[in-house]
Amino acid sequence: MPPPPLPPEAFVDAITQAPSLRLDKADRDWSKLNPAFAQEVLRLVAKLKQRGFPMTLLEGYRSVERQNLLAGKGSHVTQAKGGESKHQYGLAVDLAPVRDGKVVISEKDAWAMQAYQALGEEAAAAGLTWGGKWSFKDYGHVERAGSLRQLVKK
Ligand SMILES: [Zn+2]
């Protein structure tokens, strides 16, 4: 079962800090994810909590329109156009650590970076792909492994 959503106040700092991500419009509905993938992510979140890093869903499903909107903000935001990201297929999530009831996304925050590193370790152990390993660092991003073409074909 997905955890209850955090109150909107929890996201205010993150939304303000990264305006180009338009996190105010991010979809955090677990039910829009691929059901099997959602279960894998929930297991990941439980592991992270055991390690002292409570995580929350920052963004899950992302429409083609929203992906294009973000892509239009530049390659520092995303390099994927609409239809090219696993977010459009419910096979990717962006997670973020929560401290004192607030979502922390700053890469300058040592604790948040520890949480992201732990996320990377647990994602690898679960056979999932972690965005922190990419040349374009996306520390909170976790997705189903494999090429999109292969995954969507089924
Ligand atoms: Zn992502």
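**Exercise 1. Find which residues coordinate the zinc ion, and where they lie.**

Step 1. In this predicted model, the zinc ion is held by three donor residues: His87 through NE2, Asp94 through OD and His141 through ND1, at 2.0 to 2.1 Å. Donors are N, O and S atoms within 2.8 Å of the metal (3.2 Å for Na, K and Ca); water is not among the atoms, so sites may look incomplete.

Step 2. Along the sequence, the spacing of these donor residues reads H-x6-D-x46-H. Histidine 87 belongs to the loop between α3 (64–71) and β2 (92–99), while histidine 141 is in strand β5 (residues 141–143), so the pair ties together parts 54 residues apart in sequence. Helices (H or I, at least four residues) and strands (E, at least two) are DSSP runs, numbered from the N terminus.

A word on the ground rules: residues are numbered from 1 along each chain as its sequence is written, and side-chain values use heavy atoms, leaving out hydrogens and water. Because the model is predicted, local features need pLDDT of at least 70 and side-chain atom pairs count only at pLDDT 80 or more, while totals for chains, interfaces and linings use all residues.

**Exercise 2. Decide whether histidine 87 is buried or exposed, and do likewise for histidine 141.**

Step 1. Recall the cut-offs: buried means under 20% relative accessible area, exposed over 50%, and partly exposed in between (1.4 Å probe, protein chains only).

Step 2. Histidine 87 has 2% relative accessibility, so this residue counts as buried. Histidine 141, at 3%, counts as buried too.

**Exercise 3. Describe the aromatic pair of phenylalanine 53 and tryptophan 111.**

Step 1. Start with the rule: rings of Phe, Tyr and Trp (its six-membered ring) pair if their centres lie within 6.5 Å; planes under 30 degrees apart count as stacked, over 60 as edge-to-face and the rest as tilted.

Step 2. The whole structure has three aromatic pairs. In the one between phenylalanine 53 and tryptophan 111, the centres are 5.7 Å apart and the planes make an angle of 50°, which is tilted.

Step 3. Now place the two rings. Phenylalanine 53 is in the loop between α2 and β1 and tryptophan 111 in helix α4 (residues 110–125), so this pair ties together parts 58 residues apart in sequence. Phenylalanine 53 is buried, with a relative accessible area of 9%.

Step 4. Look for a cluster as well: ring pairs link Tyr116, Trp130 and Tyr139 into one.
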